[in-house]
Amino acid sequence: MRAGFPDFRLGKVLATSFTGTLSERYGNAVERIPTPDRLIDWLAVSGLAVDSCTTAQLELARELRESIHAAATAAATQDALPASAVQVINDRSAQGRAAAVLTPEGERRWRLSSASCVEDALSVIAADAISIIAGERDGKLALCASPTCRAAFFDASQSRTRKWCDMNTCGNRQKKARFYANQRKNPTSAE
């Protein structure tokens, strides 16, 4: 990984992990793919390695990210999906030529048409988004309870009651805030 950039927040669902490359959307936003090289890094750790990325391809990726976030947010709140977001997701899905391949270990991997085709990688992400937004997986879309985050995430927990996109960041921050607020309300006497 390249030094000087914020860590990636990787989850188990490709599409919602991708939307997490922009975090704290309603606070001090953190852009985790600010450069084409950083998008290459994210794709590599997500099993979609590419050799190169242009600024135009980075913009396509960000447009897809924001479209997935908008559609996933609408799905989580049971609102109508934004037509423009649906169009971008469908376009990116159709533009790629990636193929699912089975490894000898019985796992699915993606083979891109060429090692440098960002559009193929984006088509895999878009197809994953379509799968979760369409409700084809066991789980549900939800929004992070943190008022500064509100990231869409895929809740596959048994009870489907997760509150946070990531317990190690948003969940812990909210728990700490609650703890300190309680401390201020109920100071212990220093006797």
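These legends describe close-up views of a predicted model.

Local features are given for pLDDT of at least 70 and side-chain atom pairs only at pLDDT 80 or more, while totals for chains, interfaces and linings use all residues. Residues are numbered from 1 along each chain as its sequence is written, and side-chain values use heavy atoms, with hydrogens and water left out.

View 1. Among the helices (DSSP runs of H or I, at least four residues, numbered from the N terminus), α3 has the highest confidence in the chain, at a mean of 97. Confidence is lowest in helix α6 (residues 167-185), at a mean of 70. Where pLDDT is low, the predicted coordinates should not be read in detail.

**View 2. Helix α5, residues 118-133.** The end C-alpha atoms of α5 are 22 Å apart, which agrees with the 22 Å that its 16 residues should span at 1.5 Å a residue; the expected span is 1.5 Å times one less than the number of residues. Of the 16 residues in α5, 13 are buried (under 20% relative accessible area, with a 1.4 Å probe and protein chains only). Glycine 135 follows α5 and has a positive phi, near 80 degrees.

**View 3. Packing of α3 with α5.** The two helices pack at an angle of about 0 degrees, and their axes are 11 Å apart. Axes are lines fitted to C-alpha atoms over the stretch in contact, and angles run from 0 to 180 degrees between N-to-C directions. The angle makes α3 roughly parallel to α5 (angles under 35 degrees). In contact (heavy atoms within 4.5 Å) are residues including Leu60, Leu64 and Ile68 of α3 with residues including Leu122, Ile125 and Ala129 of α5. The residues of this contact divide into 13 nonpolar, one polar and one charged (Ala, Val, Leu, Ile, Met, Phe, Trp, Tyr, Cys and Pro count as nonpolar, Asp, Glu, Lys and Arg as charged, and the others, Gly among them, as polar).

**View 4. Valine 118 in helix α5.** Valine 118 counts as buried, at 0% relative accessibility. Not counting residues up to four places away in sequence, valine 118 touches Leu39, Val50, Ser52, Cys53 and Gln57.

**View 5. Serine 67 in helix α3, residues 55-76.** Serine 67 has 8% relative accessibility and so counts as buried. Leaving aside neighbours within four places in sequence, serine 67 is in contact with Ala85, Val88 and Ile89.

Conventions. Buried < 20%, exposed > 50% of the residue type's maximum accessible area, 1.4 Å probe, protein only. pLDDT = per-residue confidence, 0-100. Parallel < 35°, antiparallel > 145°, perpendicular 65-115°, else oblique.
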